[in-house]
Amino acid sequence: MTNQPAAVGTSARRHDAAAKVTGGALYTADVRLPGMLHAKVLRSPHAHARLRSVDATRARALAGVHAVLTRDELAGLSPTYGYFIKDQPVVAMDKVRYVGDVVAAVAAEDEATALRALELIDVVYEPLPDVPDVTAALAEDAPELFEEAPPGIVPPYGTGASGHLRPRRNVCYEFRYATGPADVWQECDHVFEDTFAFSRMNHFHLEPFVTVADVRGEQIEIWSSTQNPFPLRKELARVLRVGENRIRVHVPYVGGGFGAKHNCKTEPIAILLSRMAGRPVRYCLTTEEGFLTLSQHAAVLKVKTGVKADGTFVARESEVLLDAGAYSDGSPLVAEKAAYRMPGPYRWTHVKSSCACVMTTTTPAGPFRGFGATQSTWAGESQVDMIARRLGMDPYELRIKNLKRLGEPFVPGESGIDSDLAEGLDTVAGELGYHRRARTPNRGMGLAIGFKDGGGVNKPAQARVKVTANGAVYVNSGTVEIGQGASTTLCQVAAEVLGVPLEQVAYAPINTDVTPFDQGTNASSGMTVMGRAVLRAAEAVRAQVLEFAARQLGCEATALTLENWAVRRGDEAPTPLPGLIMKVFGGTGYEFSGEGFFKAPNSPEAPLDAPCVFWEIGWAGAEVEVDPDTGKVTVLQLVASGDVGKAINKLVCRGQDEGAAVMGLGQALFEEMRYDGSALLNGEALDYRVPMAEDLPERFVSVTQEQGHGPGPFGAKGAGEGAMVPVAAAIANAVHDATGVRVTALPLSPERVFNALHRR
Amino acid sequence: MSSRVSIDFEVDGVRRSEEIAPNTVLLDLLRDRHALTGVKASCERGVCGACTILVDGTPAASCGVFAFSVDGAAVETIDGQGREGGLGPVQRAFAECGGFQCGYCTPGMVMLTTALLRAHPEPDDERIRSWISSNVCRCTGYQMIVDSVRRAAELSREEQP
Ligand code: FES
Ligand code: FES
């Protein structure tokens with residue numbers, strides 16, 4: 001490292017700035033290929049029905065139609081996909097399981113022709129009873145969504161944790177975890193049992209789900225708006241029964257994902273239609289179809305907490321039911337996390353958690369920013385305040401009393417907490433003015449701490465850094481630039497190690513044929529997992545360069561430092577590298593190339609098979625005013641804070657926290673996919689309200705903490721999810737403070753708050 | 001659909017005469033025929049504002065405008081916002097203040113800001129919030145966009161002789 005760190009810790013302009021502010025940035029939605037066709041799909045109008053017949057004869061005959069895909073074209077494929085459980089068909093086979101389930105697909109000269117062709121597909125359905133929510137799905141006599149078990153796996157777990165496929169009717173997966181002696185319940189002076197409801201949001205990424213596929217001979221090439229090109233490639237290869245090296249995935253800029261853009265979405269249909277038509281096919285969903293493709297998990301959370309008279313936490317037992325929708329998608333993983341994170345940031349003697357994924361006839365639910373932690377924190381942090389009030393304590397004091405210390409393991413076998421939790425809480429409480437708050441009727445303040453393991457489970461990342469003879473650097477990694485700023489911050493890491501100005505480092509585009517392997521852009525893992533791979537790759541290149549220069553200069557590599565693409569020995573004048581390199585390798589130049597790899601080691605003691613990479617903590621504080629006549633909650637102040645360990649780029653970190661906090665604000669106050677039975681009522685942009693600038697609280701403050709305990713490069717931790725997780729609970733806690741009334745269901749709509757106030 | 005209409009309009013200062021189907025939407029005309037993919041398509045329901053352009057200086061969602069209706073009008077898109085050799089003042093402000101993340105809302109936000117600053121060269125935060133409330137940004141939480149607009153006002157004033 002050079003003496004003056006130049007590249008990290010700045011507010012450097014992002015690498016993607018010029019492309020994005022000029023409209024020059026290319027997204028998958030902008031990709032156009034010569035001869036490209038357009039795909040549209042026929043969706044089920046029924047929530048649950050058996051497919052009697054699907055006849056596309058008339059559609060195939062329409063002028064301008066080049067290919068029609070129905071269940072009859074699936075021969076020779078493994079036609080279902082999913083994460084742990086392969087239950088979602090490319091197009092419906094025996095049944096449809098929600099309104100919007102895909103029945104058939106058409107590729108035509110243009111979208112209008114494709115839409116006309118869909119009207120010519122004759123489908124006979126035999127409607128079956130639906131199961132619109134978890135209660136209906138768990139009823140004794142509920143109809144089964146899957147009569148036969150789809151293929152599924154349970155991953156290896158360590159001490160105290162277990163996973164179970166189909167433990168009961170309409171439950172595709174259940175995760176359980178327990179630690180510590182269960183007999184401590186007898187030592188508790190109080191036991192509190194509360195139930196919470198969590199509503200589901202849509203991701204509402206502005207770039208729709210979209211894939212352009214071009215199948216030529218045996219080569220399958222796609223451009224896709226995806227967060228995890230490598231696992232996607234693997235899953236596509238399995239579905240299509242081809243080698244992974246026959247599939248090339250390009251990932252242009254991605255216009256937002258928030259968890260939605262993992263694994264198979266638009267890809268299988270685009271590929272199959274292109275293969276049938278012999279032409280490139282673009283398959284782009286509308287926003288309305290996005291609502292029918294994936295959502296967050298609605299949940300019912302039962303929490304039982306035992307405490308001593310002085311407020312010491314003793315035991316917490318919880319049962320979570322996630323509404324997984326019609327197909328499993330990422331639900332088993334979300335269940336794992338929702339249960340595992342239920343203890344929150346506190347010290348317990350006994351913990352027992354379970355989380356079941358319940359199948360319903362609604363939009364499939366999957367990964368969403370926060371990934372189960374938003375659900376568990378909503379329940380856990382609401383209940384902490386309820387308990388404090390029941391004990392006559394200040395919720396702040398109760399938290400401080402029970403928070404884990406820096407370095408204390410989360411549970412046995414886990415890594416230590418890498419933030420000073422009390423310091424973070426004090427930061428937010430101070431910024432909010434929590435301790436100085438005046439008692440004004442209908443006004444109140446609340447705090448909450450969002451808690452999740454970050455960096456993914458068992459997640460390997462590889463990176464390559466290469467440098468030309470003239471000192472131009474490339475960072476090659478599979479981390480997708482989805483808005484989070486990774487294409488800048490990863491380059492900052494390489495620039496720092498190589499002692500070159502940031503402008504000299506480029507982030508290479510992703511192409512799975514040449515980009516080093518990565519498991520996905522998720523779990524806030526960009527800096528703590530991929531960042532370490534990039535750091536090592538850059539260090540490997542630096543070592544090569546220094547050894548090369550040392551040989552040329554006849555000294556030890558350790559005697560040299562690297563700065564501005566020159567080597568310096570002690571106080572001597574620096575020797576520029578380009579001349580030195582070309583002297584040996586010729587005037588056409590050369591590239592140094594280094595590889596880096598990182599993965600947290602496995603450990604059988606760790607409940608999830610590998611200790612957590614870092615702990616992503618989000619602290620939030622809110623001040624609200626509640627109108628007793630209408631139930632309307634006005635957020636006067638929102639303070640959100642994450643601990644990034646060390647900010648590689650301050651602008652990027654701030655952006656992550658603020659964006660996350662405002663998503664939490666929408667979740668808290670109004671954002672919700674509303675169903676009437678199995679029918680989605682507000683599945684389009686106008687009726688589904690996302691936060692707008694006018695919804696910002698009068699005072700909105702984000703604080704980027706740099707506590708310095710992170711495992712990533714230069715002490716960094718991850719960011720991106722933490723600041724969303726505690727917001728809903730902080731606001732509900734503030735409403736409680738303001739009114740003395742607890743609302744246990746989200747969102748905190750005027751109607752719900754009004755009803756709670758008047759039930760008093 | 002066989003009938004065609006001819007329109008004559010300006011796109012980013014360049015005059016265009018063309019034949020179009022009467023049901024052509026301006027967004028599609030710009031993206032598909034003029035390859036102006038900087039004009040983003042998202043909800044295509046006139047809600048999100050990703051497709052914002054200016055028609056005779058007024059912001060409009062191009063997904064909700066029939067192409068025939070801009071006959072005789074001057075259309076401005078993100079493509080015309082640069083300056084000789086680089087970024088325009090609004091673009092520079094967004095780049096400098098980090099008023100974007102995924103960037104999908106950014107061209108629309110830049111156009112909205114351009115119109116705002118022409119109408120109100122020194123907007124206060126309340127006016128900024130109220131103007132940008134016509135477009136959705138799912139990534140930033142808006143505060144850094146507000147900062148960008150404030151900075152854009154400064155840079156635009158500096159640009160005036
Ligand atoms: S795409 Fe035009 S307003 Fe959303
Ligand atoms: S930057 Fe992603 S929507 Fe605004």
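This is a predicted model: local features need pLDDT of at least 70, side-chain atom pairs count only at pLDDT 80 or more; totals for chains, interfaces and linings use all residues.

User: Which domains does the assignment give for chain A?

Analyst: The assignment divides chain A into domain 1 (17–26 + 459–598), domain 2 (31–128 + 204–291) and domain 3 (371–455 + 614–759). For domain 1 of chain A and domain 2 of chain A, the C-alpha centres are 38 Å apart, and 21 residues of domain 1 of chain A are in contact with 19 residues of domain 2 of chain A.

User: How much area do domain 1 of chain A and domain 2 of chain A bury between them?

Analyst: The size of an interface is often expressed as the accessible area that is lost when the parts come together. Here domain 1 of chain A and domain 2 of chain A bury about 1,600 Å² between them, with 60% of it on carbon and sulfur atoms. On the side of domain 1 of chain A, the residues that lose the most area to domain 2 of chain A are Leu26(A), Ile482(A) and Thr512(A), which together account for 36% of what that side buries.

User: Which residues form a salt bridge there, and how many residue pairs are in polar contact?

Analyst: The count between domain 1 of chain A and domain 2 of chain A is 1 salt bridge. Asp513(A) forms a salt bridge with Arg248(A), and their closest N and O atoms are 2.6 Å apart. Across the interface of domain 1 of chain A and domain 2 of chain A there are 8 residue pairs in polar contact, counting pairs with both residues at pLDDT 80 or more. Helix H1 (17–22) and strand E23 (510–511) of chain A are the elements that give two or more residues to the side of domain 1 of chain A that touches domain 2 of chain A. By class, that side of domain 1 of chain A has 8 nonpolar, 9 polar and 4 charged residues.

User: What does the domain assignment give for chain B, and how far apart do the C-alpha centres lie?

Analyst: Chain B is assigned domain 1 (5–80) and domain 2 (89–159), and their C-alpha centres lie 21 Å apart. The contact takes 16 residues from domain 1 of chain B and 14 residues from domain 2 of chain B. The area buried between these two domains of chain B is about 1,200 Å², of which carbon and sulfur atoms give 63%. In chain B, the side chains of Glu76(B) and Arg118(B) meet in a salt bridge, at 2.6 Å from N to O. The rule also finds 5 residue pairs in polar contact across the interface of domain 1 of chain B and domain 2 of chain B, both residues being at pLDDT 80 or more. E3(B) supplies the largest share of the side of domain 1 of chain B that touches domain 2 of chain B, namely 3 residues.

User: Which residues have a positive phi, and where is a peptide bond cis?

Analyst: Most residues other than glycine have a negative phi, and most peptide bonds are trans. Asn263(A), although not a glycine, has a positive phi of about 55°, and it lies in the loop between strand E14 (247–251) and helix H6 (267–277) of chain A. Asn263(A) counts as buried because its relative accessibility is 10%, under the 20% cut-off. Glu44(B) has a positive phi near 50° and is found in the loop between helix H1 (26–33) and strand E3 (52–55) of chain B. At 40% relative accessibility, Glu44(B) counts as partly exposed. The peptide bond from Leu746(A) to Pro747(A) is cis, with omega near -10°, and Pro747(A) lies in the loop between helix H16 (727–739) and helix H17 (750–759) of chain A.

Definitions and conventions. Residues are numbered from 1 along each chain as its sequence is written. Chains are lettered from A and ligands numbered from 1 in the order in which they are written. Side-chain values use heavy atoms; hydrogens and water are left out. Domain bounds come from an automatic or database domain assignment. Contact means heavy atoms within 4.5 Å. Buried area is the accessible area (1.4 Å probe) that two parts lose on being put together, summed over both. A salt bridge is a side-chain nitrogen of Lys or Arg within 4 Å of a carboxyl oxygen of Asp or Glu. A polar contact is a pair of N or O atoms within 3.5 Å; within protein, one must be able to donate a hydrogen and the other to accept it, and residues adjacent in sequence count only if both atoms are side-chain atoms. Helices (H or I, at least four residues) and strands (E, at least two) are DSSP runs, numbered from the N terminus. Ala, Val, Leu, Ile, Met, Phe, Trp, Tyr, Cys and Pro count as nonpolar, Asp, Glu, Lys and Arg as charged, and the others, Gly among them, as polar. Buried means under 20% relative accessible area, exposed over 50%, partly exposed in between (1.4 Å probe, protein chains only).
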